[in-house]
Amino acid sequence: MTESLPDALMLDVLPPREGRIVILTGAGISKESGLDTFRDAGGIWSKVRLEDVATPQAFARDPEKVHAFYNMRRALNRTRKINPNPAHLALAELETQWPGEVLIITQNVDTLHEQAGSTSLLHMHGVHSKARCNACENTVDWTGDMSVRDVCGACGKAGGMRPHVVWFGETPLEMDRIGWALSNCDLFISIGTSGNVYPAAGFVAAIRRNGRAHTVELNLEPSAGASMFEESHYGPASRIVPAYVKALLASSL
Ligand code: BV8
């Protein structure tokens with residue numbers, strides 16, 4: 001059932017009180033914190049081609065162009081004071097208040113969920129605040145600019161440091177843990193994602209095939225996979241996520 005969101009939210013289905021909740025987030029949850037999404041008008045992929053900055057082939061072809069893309073996004077997080085918004089904060093509250101397990105699987109490479117206080121969290125597409133050595137796989141925190149002149153602190157090789165981010169054509173991180181979580185959750189909530197990038201976009205179909213979870217979409221507008229969700233509420237995340245979490249927590253009392 002879809003509806004524009006009233007303040008007092010009526011949930012279609014309540015998960016079991018100790019139920020496991022899995023939440024998938026995308027760039028839309030960070031939009032009201034000041035970070036661009038990818039596919040909205042004026043989004044990141046309207047300014048640069050993903051084939052030029054977000055594939056291993058692009059990095060092999062022109063590493064400095066790829067470094068410039070991620071240096072710009074890291075600098076944005078340093079300079080523009082990007083803070084968690086009420087949607088991130090509501091999910092952190094859900095993790096502490098909900099009697100069962102809550103896991104956030106984020107496609108985002110920003111660290112706004114951590115900054116909001118979420119700890120049960122995995123970045124399936126990596127994070128731009130870490131670097132990985134192409135030669136020895138050593139992974140380190142990295143908040144400044146990166147270039148081909150950087151040397152790996154573990155193996156000493158130069159030129160191999162890359163953003164610890166999953167590019168198109170690369171395998172997302174922690175897929176085994178994700179598979180188990182999707183098959184064993186009671187409530188799956190998808191927030192702020194257009195449903196265009198796989199395998200994340202296929203999670204709801206996988207649950208509908210072999211999981212038992214009730215599936216909910218919270219988004220600004222219907223995603224490409226909207227028809228797969230049993231329940232959906234549309235509006236800005238900073239408004240609909242706190243309202244949904246408030247109703248969920250009220251049901252768990
Ligand atoms: C892989 C890191 C094999 C980089 C990113 C079928 C099956 C498997 C793979 C494929 C397949 N078909 C195609 C593929 C290949 C490819 C793919 O999906 N291509 C697409 C373009 C068709 N997938 C891959 O290559 C993946 N790897 O498949 O390996 C494999 C498969 C399974 C198991 C093992 C191995 C790797 C994909 C990862 C690529 N890296 N990010 C970086 O960030 O710089 S993807 C990139 O897109 C970001 O991570 C981003 O998070 C992600 C998804 O985008 P969204 O988050 O959804 O953002 P978008 O702008 O699209 O949408 C924003 C939404 O928010 C909109 O709906 C909007 O309405 C909403 N919104 C806006 N404002 C608000 C809001 N909502 C609420 N409130 C608001 N205020």
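## The open sheet

In this predicted model, 3 strands form an open sheet in the order β6-β5-β7, and their pairing is antiparallel; strands here are DSSP runs of E with at least two residues, numbered from the N terminus, and two of them pair if DSSP finds at least two bridges between them. The edge strands, each pairing on one side only, are β6 (139-141) and β7 (161-165). From one strand to the next the twist averages 45°, where axes are lines fitted to C-alpha atoms, for helices over the stretch in contact, and angles run from 0 to 180 degrees between N-to-C directions. In general, strands of a sheet pair through backbone hydrogen bonds, either parallel or antiparallel.

Strand β5 (residues 126-133) is joined to β7 by 4 bridges, and the two run antiparallel, with G126 standing opposite V165 in β7. Helix α3 (residues 63-79) packs on the sheet and touches β5 and β7, its direction making about 60° with that of β7; helices are DSSP runs of H or I with at least four residues, and contact means heavy atoms within 4.5 Å.

## How the model is read

Residues are numbered from 1 along each chain as its sequence is written, and side-chain values use heavy atoms, with hydrogens and water left out. Local features need pLDDT of at least 70 and side-chain atom pairs count only at pLDDT 80 or more, whereas totals for chains, interfaces and linings use all residues.

## Around the ligand

There are 36 residues around the ligand, and those that come nearest are R39, R73, G169, T193 and S194; a residue belongs here if one of its heavy atoms lies within 4 Å of the molecule. The shell divides into 15 nonpolar, 14 polar and 7 charged residues, with Ala, Val, Leu, Ile, Met, Phe, Trp, Tyr, Cys and Pro taken as nonpolar, Asp, Glu, Lys and Arg as charged, and the others, Gly among them, as polar.

An N or O atom in the side chain of T193 is 2.6 Å from an oxygen atom of the ligand, while for the side chain of Y70 the corresponding distance is 2.8 Å. A backbone N or O atom of A27 also lies 2.8 Å from a ligand oxygen atom. Of the 1,500 Å² of accessible area that the ligand has on its own, the protein covers 79%, as computed by the Shrake-Rupley method with a 1.4 Å probe.

## The loop at N184

N184 is placed in the loop between α6 (175-183) and β8 (187-191). Its side chain reaches the backbone oxygen of W180 at 2.7 Å, and, leaving aside neighbours within four places in sequence, N184 is in contact with R20 and R212.

Notes. Polar contact = N/O pair within 3.5 Å; in protein donor to acceptor, adjacent residues only side chain to side chain.
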